[in-house]
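Student: Could you take me closely through one part of this model, strand by strand? I'd like one connected account, please.

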Amino acid sequence: MATFGEFTVARLGMIASQMALNVTGQNISNINTPGYTRQQLDQYSFITNSGGLYHSSSSASVGSGVMLAGVSQLRDPYLDIRFRKEMSSVGSTDATLNVLDQLQSVINNVDKEGIVTQLQDLLGNISELGSHVGEQEFETLMRESAQDLCTLLNTSASKLQQVYDNILQQYNEDIQDTNNVLQKIQELNQQIRIADINGDAALELRDQRNTLIDTLSESMKIDVTYSKEDVGAGVEVEKLTIKMVNAQTGKPGQTLIDGIDRADISLVDGDANMFLNISELHDPDGIQTSNTSSRFTLSGLNFDKTLAADYKQTITVNYADAAGNKNSIDVTFDVTAPLDPNDPDEVKAAREATVQSLRDALANDPTLKDRFTVVTTNSGVSLVSQQQGKDALNITSMELAAGAQVSFGGQKATPAVLSNEGAVTNGMGYGALESTRQMLVGSGEFSTDAAYNNIRGIPYYMRSLDMLANKIATEMNRINTTNANGESLADLGIKGAGNLFVADGDDPDNPTQLITASNISISKKWQTGETTVVPSTKPDAVSSENDNINRFYNILNEAYNYQATDIVRQDETPFTSGKLEQTGTQGQDLKAQITYIDSMNQKHTVTVDFQSGADADATLANLQAAIAGKQELSQFDDIEVKDGTITLKANDGKIDDGVLCSLVTDIQITDDQGAATDDFKMGAGKIGGAVASSNIYQGNLESCYSNMEGVLGSHINTTSTIYETYATAADEINTSRDSVSGVDLNDEGINLLQYQKSFAAACRLMTALDEAMDKVINGMGVVGR
């Protein structure tokens, strides 16, 4: 080291200590800043080249001080990955709990005016009416109790709809918030990109970006990667890529952020089939960058100085199709020589004419014109594939024939980019957005889409309440319109028989609308007294008989089977019988007891006469013909016999219209006397379609509502437990992350002392060196003067 080299060592030590103090001060000042990451000064020992050719082996080599490599952040990428993974689970369960808590405020009736209480009140009034048959005031009390029950059901349905509307509105806002987060990340990526080009670490910008990425991880499960991007002139900058993780595969799927490009998230359809859609990527100016076409550009046309006359030139276009097959097309165009090569205007005119000729030749070529679009640029032409993404044709080169007197200054190929747009269908997403969507569309056992059969969201509880309301109405209507044998009370001459409940505004004599919790009401005829509660089904009953009142009383205590098909049936929902086992002979007279429920869920049994055939299929074919000729079964216009079974479909209504199609529920074959026969046995049939035909619940009306409360309570308890587990894990990981990235006042205090002492030591070194040099310069060689 040179004589004064040690002064450089001291100076660099002072600079390093001063900078370290500055970094420590920055950390301390941001100790309460959300998202701030602890910074540190990166240093390395500076050493000059080792000794030269005549370096003495007995001398020592000493470094030249300390150099600063920059300021960096203390972060553990592994902890970031773990934290964001847990946060997607926290966001998912928290979103579900938010919806369930709002449902609980509607469904859990603990007050005196609840639905269960009103059902008990109706039961009491029916009992009183049974003891006071014919006394108008007691029927009025029962009617008013029934009206109050309808009102409570209407109100509950309205509140559930309000919960749905509120959650849907919040969901749209959450989607917009997520798009805002993506936009802010894109903007920060732009700023960080510029900073990288200028050599600035932009640590504070990275802190803001990390905070936004943490926020995004609650909305959906994401995969975050960092890579290097070449921006030209030998400069590479950091490139952030964020992709949504496909929960079905566990692998990264569609891209949300790709450097300075981003996608948008939107909600498609506002009904039960709603789903999220991720758009194509676009840059900050809104220009689409994914699913773009391949482009090849020639620019900067130049003339050979010796060019003196017009001539024809050939250019070869080489391209590959989507399958990778290579193609070459020769295209001839006219080259226009400038009239005066020294006149810039003439050269410009000749260049424009030549480029136009090339453009026309490319555009009119019989092969290229069907595959590429030709675009004229300021000083050349571009060929753009007419296909996009993976289907695009890629031009590999464009070559002028040998001996050309023209040339192009530049050639640039822009490859096609694959499409990014796509739907986030059920099961693909994970996080707050997906959980909220599932709560908006999940109908559970009422769903016509098998993918949602196990997702109980708001529609499930709405349908459950509809099922209860419909069961109350249809069972009370059945008892007030038919006797135990299914015979019409009106046809038997029973006075006052008729429907007690209808959908609001429906015709009580010819109801067509499905009764639900939102529209259930007592019929106008019951309100006016034209229809009354029938006390007895006996045509000659005395005024005190109340056998039918007892049937009403049993309604509220009887155990019913509650099925999704009570209120949800697809168009043409099929019923397929079990396989017919035929041991009887051909030509026997048989009867089929066909039971079906109509669009108002009233049960009917129709007897059909037919004869057996030579085998099971022939017998069922005879039954098919007999059913087709039966007026009472005319709505079943689609009947199929196959492999010993018979399938019936009805097409007499649509769910969207609030009308259910009729549905066969059972077929029994008997002998000609109506007695069971072992010669023709048909197994139990099943209802087709995605809607479950098995029981959702079995019990009385009161316990049906209690069951709905229990299902909700269990759902809340389970989700709460899962949420606590995820939240605890996320807190623990975040604590570990803070131990690495967070600012600790004790550590920073120690650093202050350390760097202050190192600064003082460097100053003392400078002083010591100064004293030594002063002795050498001014004190040596003066003895004896």
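**A helix across a sheet**

Tutor: Gladly! Helix α11 (residues 616–628) lies across strands β22 and β23, and runs at about 120° to β23. This is a predicted model, in which local features need pLDDT of at least 70 and side-chain atom pairs count only at pLDDT 80 or more, while totals for chains, interfaces and linings use all residues. Residues are numbered from 1 along each chain as its sequence is written, and side-chain values use heavy atoms, with hydrogens and water left out.

A few terms first. Helices (H or I, at least four residues) and strands (E, at least two) are DSSP runs numbered from the N terminus. Contact means heavy atoms within 4.5 Å. Axes are lines fitted to C-alpha atoms, for helices over the stretch in contact, and angles run from 0 to 180 degrees between N-to-C directions.

Strands count as paired if DSSP finds at least two bridges between them. Together with β26, these strands make an open, three-stranded antiparallel sheet, ordered β23-β22-β26. Because β23 (603–611) and β26 (663–671) stand at the edges, each with a single partner strand, one side of each has no neighbour in the sheet. On average, neighbouring strands here are turned by 20° against each other, direction ignored.

N601 sits in the loop between them, with phi near 65°, a positive value in a residue other than glycine. For context, most residues other than glycine have a negative phi. N601 counts as buried, because its relative accessibility is 12%; buried means under 20% relative accessible area, exposed over 50%, and partly exposed in between (1.4 Å probe, protein chains only).

D643, however, is exposed, since its relative accessible area is 53%. So, as you turn the model, follow α11 across β22 and β23, then compare buried N601 with exposed D643.
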